[in-house]
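Okay, everyone, let's get going.

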Amino acid sequence: MSGNLLHRPPILRGPDGIGGALPALILIILFFVVPVVALLLRSVTEPVPGLQNYATLFGHGTYARVFFNTFLVATVVTAVTVIVAFPVAWMLAIMPPALGSIVFGIIILSMWTNLLTRTYAWMVLLQRTGVINRTLMDIGLISEPLPLINNLTGVTIGMVYIMLPFMILPLVGTLCAIDPMTLRAAALCGASPFDAFRRILLPLSLPGIAAGGLMVFVMSLGYFVTPTLLGGTSNMMLAGMIAQMIQSLLNWGLGSAAAFILLLVTMALYALQLRLVGAKRMTGGI
Amino acid sequence: MTEPFLSIRDLRKAFGSFVAVHDVTIDIPKGEFLTFLGPSGSGKSTTLYAIAGFQHPTSGDVLLEGRSLLSVPSHKRNIGMVFQRYTLFQHLTVAENVAFPLRVRRRPDAEVKRKVAEMLSLVRLESFGTRYPGALSGGQQQRVALARALAYDPPILLMDEPLSALDKKLREEIQAEIRRIHRETGVTILYVTHDQDEALHLSDHIALFRDGRIEQIGTGEDLYLRPASEFVASFIGNSNFLPAEHLETVNGSATIRLADGSVVSGVRIDQDFSHGQKTRLMVRPEAFRLRPGPATAGLAVEFIDTAFFGERRRVIARTAAGQEIDVRPTSDMAEAQEGIAPSRQQIFFDPAAAFLFPA
């Protein structure tokens with residue numbers, strides 16, 4: 001997210017070049033680079049040197065299913081988050097600032113509330129005898145409880161809720177930068193509200209959607225608590241699988257390989273986004 | 001009389017207890033270039049927005065060829081508009097921007113292509129079709145906005161201070177462009193500005209707004225030469241207001257006494273004043289002469305500063321009553337140079353070209 005920080009004006013760089021940055025550099029190497037390299041090494045050395053850990057992960061139906069499941073959940077969560085976040089972000093962008101900052105505060109507050117608490121709260125809401133099912137049955141909309149937990153639906157609901165702020169924040173920034181007059185111009189040009197949204201607002205907010213979407217997707221890929229609590233065992237995701245490999249099976253090699261694959265995918269996605277949004281900037285002047 | 005093309009009837013817009021527009025009524029013929037002129041907050045933009053459909057009037061009506069526009073949403077009004085700020089779609093090329101109104105109207109590709117080329121040549125940006133708005137200057141962006149607003153042949157073009165973000169030289173260039181486009185397309189233009197020069201240069205008629213009402217509507221000449229009120233006289237062109245006392249009126253020609261005690265007769269008036277009423281006499285700076293003519297009145301002044309402006313000379317003079325006035329004598333250079341030395345002297349004006357307003 002901070003690629004631009006490297007392009008600071010010279011005045012903000014250390015007075016004596018690399019020397020001043022040395023302590024920070026050592027810190028980064030010690031706590032970020034060394035563990036990642038160690039991870040990579042473990043994945044190709046344990047239990048015996050070679051690529052057999054990766055071969056197992058790619059060749060085994062069970063693991064393939066976990067990978068597929070992980071990407072499926074991350075994709076669905078990202079898509080649903082975008083759809084839910086857009087109207088909220090738009091409302092925040094056009095609200096009177098005083099009211100907007102209150103709503104903003106509520107969103108931030110939900111981010112600060114303990115993750116585990118929020119996930120357990122969803123368990124209470126979503127279970128067979130939970131508030132949602134009981135209410136729906138009471139008003140006669142359904143006769144059988146809906147299966148809202150221990151499946152993909154539960155994971156999606158719980159994760160979308162947690163990811164929303166990460167989508168809303170960048171999106172509000174992008175939407176606020178769009179001059180409302182642009183939309184009035186579109187209307188006078190003959191664009192119906194739907195046309196104005198599809199042809200003007202949506203393309204103009206794409207950088208925000210891309211930034212938020214990438215953040216949500218990457219966070220979802222490695223998410224542990226919510227899928228574990230709301231998804232049940234048949235919907236295991238990569239993070240859950242890594243935990244099981246290391247905690248229960250003590251298979252550090254396989255766990256490291258899985259973690260390393262996750263890291264590679266994340267970096268590839270980030271590179272892709274830089275390319276897409278960067279290229280757009282060059283030609284579109286957004 | 002035939003049905004007016006665009007008709008604004010008793011238009012009123014209130015925001016809470018603040019009334020932005022007070023029962024404005026204007027009839028606008030087809031092909032007209034009408035400017036709404038006025039200081040900010042005078043209701044001119046609000047009136048324009050009511051026509052565009054951005055603001056719903058509290059009461060009154062807007063009729064286009066006899067049909068009310070009020071129940072028609074903005075995107076179905078078929079009105080073109082150029083805005084104060086740059087409102088081009090930043091993610092679309094210049095050509096795509098101009099094509100936008102045609103695309104949302106689902107016009108066939110061949111027609112869109114032809115029309116875009118035609119519009120870009122109208123605003124003289126033929127070679128800019130593939131550029132993005134971000135790569136254009138402010139003046140070029142407004143010309144693209146103009147092309148976009150005209151692409152679907154709207155019967156009315158609204159312009160909301162489109163030149164206010166541009167520098168002076170560019171403004172003049174685009175003013176000429178707008179006049180030419182008005183001539184070539186015959187589109188009815190409603191133009192909002194607070195700049196009197198712009199209004200005088202561009203429009204057939206000017207509606208001068210003040211506090212949500214139209215103070216006077218007429219040609220630039222009407223407003224300049226026959227101002228209906230002191231406000232009009234001070235807003236259009238430069239004016240000097242000399243305090244005066246009304247003495248008597250005979251056959252529409254008034255006799256007054258100025259602050260320095262001199263008596264001037266032959267002032268043309270269109271309203272009634274009582275004897276002894278406090279009034280203000282308006283004299284345009286360029287109405288002053290350095291030499292007496294037939295039927296001119298004299299004013300004793302002291303020249304305190306002069307500045308040379310090329311086509312004319314501007315003199316700051318102080319009257320005997322101590323008021324500073326602006327004098328721009330229209331006379332040949334030789335006379336001007338000979339006459340303007342810092343000194344006490346008489347200057348002259350034609351009372352029939354001066355106006356009397358209540359104080």
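**Two chains, one walk-through**

Let's start with chain A: the end C-alpha atoms of residues 67-273 lie 21 Å apart, and that span is 81% helix and 0% strand. When I say helix or strand, I mean DSSP runs, H or I of at least four residues for helices and E of at least two for strands, numbered from the N terminus. Why that span? UniProt, in an unreviewed entry, lists residues 67-273 of chain A as "domain: ABC transmembrane type-1". UniProt positions are given in the numbering used here, with feature names shortened, and annotations may be inferred rather than shown by experiment.

Quick housekeeping. This is a predicted model, where local features need pLDDT of at least 70, side-chain atom pairs count only at pLDDT 80 or more, and totals for chains, interfaces and linings use all residues. Residues are numbered from 1 along each chain as its sequence is written, and chains are lettered from A and ligands numbered from 1 in the order in which they are written.

Now chain B. There are nine helices and 20 strands in chain B, and its C-alpha atoms fill a box of roughly 75 × 45 × 40 Å along the principal axes. Of the 359 residues in chain B, 42% are buried. Buried here means 20 or more other C-beta atoms within 10 Å of the residue's own, against 12 or fewer for exposed and in between for partly exposed, with C-beta atoms placed from the backbone. Take the contacts in chain B between residues at least 6 apart in sequence, and 64% of them join residues at least 24 apart. A contact, by the way, is two C-beta atoms, placed from the backbone, within 7 Å.

The UniProt record, again an unreviewed entry, puts "domain: ABC transporter" at residues 6-236 of chain B. That stretch of chain B is 36% helix and 26% strand, with end C-alpha atoms 26 Å apart.

How does the domain assignment divide chain B? We get domain 1 at 6-234 and domain 2 at 240-358, with bounds from an automatic or database domain assignment. The C-alpha centres of those two domains of chain B lie 39 Å apart. Their contact takes four residues from domain 1 of chain B and four from domain 2 of chain B. On the domain 1 side, that's two nonpolar, one polar and one charged. For the classes, Ala, Val, Leu, Ile, Met, Phe, Trp, Tyr, Cys and Pro count as nonpolar, Asp, Glu, Lys and Arg as charged, and the others, Gly among them, as polar.

On to sheets. One open sheet in chain B has four strands in the order E2-E1-E4-E5, paired antiparallel. Pairing needs at least two DSSP bridges between the strands. The edges are E2 (18-28) and E5 (67-68) of chain B, each pairing on one side only. E4 (59-64) of chain B joins E5(B) through two bridges, and B:Leu63 has B:Ser68 as its bridge partner. Helix H1 (44-52) of chain B packs on this sheet, touching E1 (6-15), E2 and E4 of chain B, at about 115 degrees to E1(B). That's between N-to-C directions, on a scale from 0 to 180 degrees, with axes fitted to C-alpha atoms, and for helices over the stretch in contact.

There's also an open six-stranded sheet in chain B, E6-E7-E8-E3-E9-E10, with mixed pairing. E6 (80-82) and E10 (213-218) of chain B are its edge strands, and neighbouring strands are turned by 15 degrees on average, direction ignored.

Is helix H2 (94-104) of chain B mostly covered or mostly open? Covered: nine of its eleven residues are buried, including B:Phe100 and B:Leu102. The cover includes H9 (193-221) of chain A, plus H3 (109-122) and H4 (138-150) of chain B. Just after H2(B), B:Arg106 has a positive phi of about 55 degrees.

That takes us to the interface: 19 residues of chain A are in contact with 21 residues of chain B. On the chain A side, H8 (180-188), H9 and H12 (252-284) each give two or more residues, and H8(A) has the largest share, with six. By class, that side of chain A has ten nonpolar, six polar and three charged residues.
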